[in-house]
Amino acid sequence: MDLFDYMKEKNLERTSPLASRLRPRTLDEVVGQQHIIGRGKLLYRAIKADKLSSVIFYGPPGTGKTTLAQVIANTTNAIFRQLNATTSGKKDMETVVNEAKEALGGFGRRTILFIDEIHRFNKSQQDYLLPFVEDGTIVLIGATTENPYFEVNSALLSRSTIFELHPLTKEDVGILLDRAVTDRDRGLGAMHVKLLPEARNFLADIAGGDARAALNAIELAAMTTEPDALGNIVVDLETASECIQKRAVHYDQAGDQHYDTISAFIKSMRGSDPDAAVYYLAKMLAAGEDIKFIARRIMICASEDVGNADPQALVVAVAACQSVERIGLPEARIPLAQAAIYVACAPKSNAAYGAVNAALDIVGKVRTSVPGHLKNIHANGAGEAPQAVGYKYAHDYPNHYVKQQYLPDEIVGTHFYEPTEIGYEATIKEYLDRIRAEAE
């Protein structure tokens, strides 16, 4: 590095955004994601031992994908290279691969290639990496906000370990905000920023698990707020709200806060009380609650508490959510009210909710295998795949139904879905009972 490169790097350190300056340099500085980097976890051990194999990190923005890559870069003895798929192409990868070959052959050093937004690469670009990942020329670290099982080539996935990053908790974001206002070297500590408790709680909550959003907000607040008579930059709730462009939610009664009100709203819909449901809706709207948050809760209630007793409830709730995103306030209050009232007045059943929970419980406890006659049998040539031996094609039988085993041998006879006799679910129950009886 010459003098000009050194000065450029130093200037970038001073002028780069707070979120970038505060990136952890070691594993011990990382906040959150303990399910994958907690002490003793696979990724923690691999990074500490400098034995990392190809991995793909995926999760929402601001959860630490690039941060983990930088920690690895600071920890490893391997050569570390970084590309962004939005601005790089095959030629850039060829350059890295050629350098990696020389480093491995001449000096025995591995090369780690970090590709941010890897889902942006097309199939041929991703395919180019395959042989070099396979033979160890490069160790790949991919980062993506999209589900890699849909956006990354299956061949590349099979050569990588997938780690899902979760949104940071409110407590995690709070820790990062405290670090931001106290760190004198990389944070805002030298500016004497005083983050008031209500502003801290608001930013930690409204960031929605995105550390970058919270840190950008506190940096903007610090840069745009005049110091008080004592030289302190005081960031209060109003300032925090302005800097993250989210209205602070205010409720008029002590103890009747965000979580209590949304809880009452959901329980009123579940309890078939449209008057209470629309009251709590109005209370949240008046307080400045996020309308998309309200819409999501209505959708969940429509499926969890109404379910197949009135399948139309979920349709109405989803339509209301789409409407809210397109029209915004004040008109968004109308589809929200319509959906909340519909869900409150609909017949109720939690049978589908109970069914999937029971099935998940069994999946976690019992190891099973798919019955042989249900397995997928691929054809070697053109035309349709042959049926598995013993499989009965339902459409060849009366009522398009035939009795045969579908559950694995280990859990035959288990019942997960027990339809009620309420609303449309009564029709479902009557239909299933009838076709099963007629098949006997």
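Start by selecting strand β4 (residues 138-144) and β1: the two run parallel and are joined by 4 bridges. Strands here are DSSP runs of E at least two residues long, helices are H or I runs of at least four, and both are numbered from the N terminus; strands count as paired if DSSP finds at least two bridges between them. Within that pair, pick V55, which stands opposite I141 in β4.

Before you go on: this is a predicted model, where local features need pLDDT of at least 70, side-chain atom pairs count only at pLDDT 80 or more, and totals for chains, interfaces and linings use all residues. Residues are numbered from 1 along each chain as its sequence is written, and side-chain values use heavy atoms, with hydrogens and water left out.

Now show the side chains of β1 (residues 55-58). Are its faces covered or open? Both are covered, with V55 and F57 buried on one side and I56 and Y58 buried on the other (buried is under 20% relative accessible area, with a 1.4 Å probe and protein chains only).

Look for Y58 and its bridge partner in β5, E164.

Zoom out to the open sheet: 5 strands in the order β2-β3-β4-β1-β5, with parallel pairing. The edges are β2 (79-84) and β5, each pairing on one side only.

Last, select helix α5 (residues 65-75), lying across β1, β2, β3 and β4 at about 145° to β1 (angles run from 0 to 180 degrees between N-to-C directions, with axes fitted to C-alpha atoms, for helices over the stretch in contact; contact means heavy atoms within 4.5 Å).

Conventions:
Buried means under 20% relative accessible area, exposed over 50%, partly exposed in between (1.4 Å probe, protein chains only).
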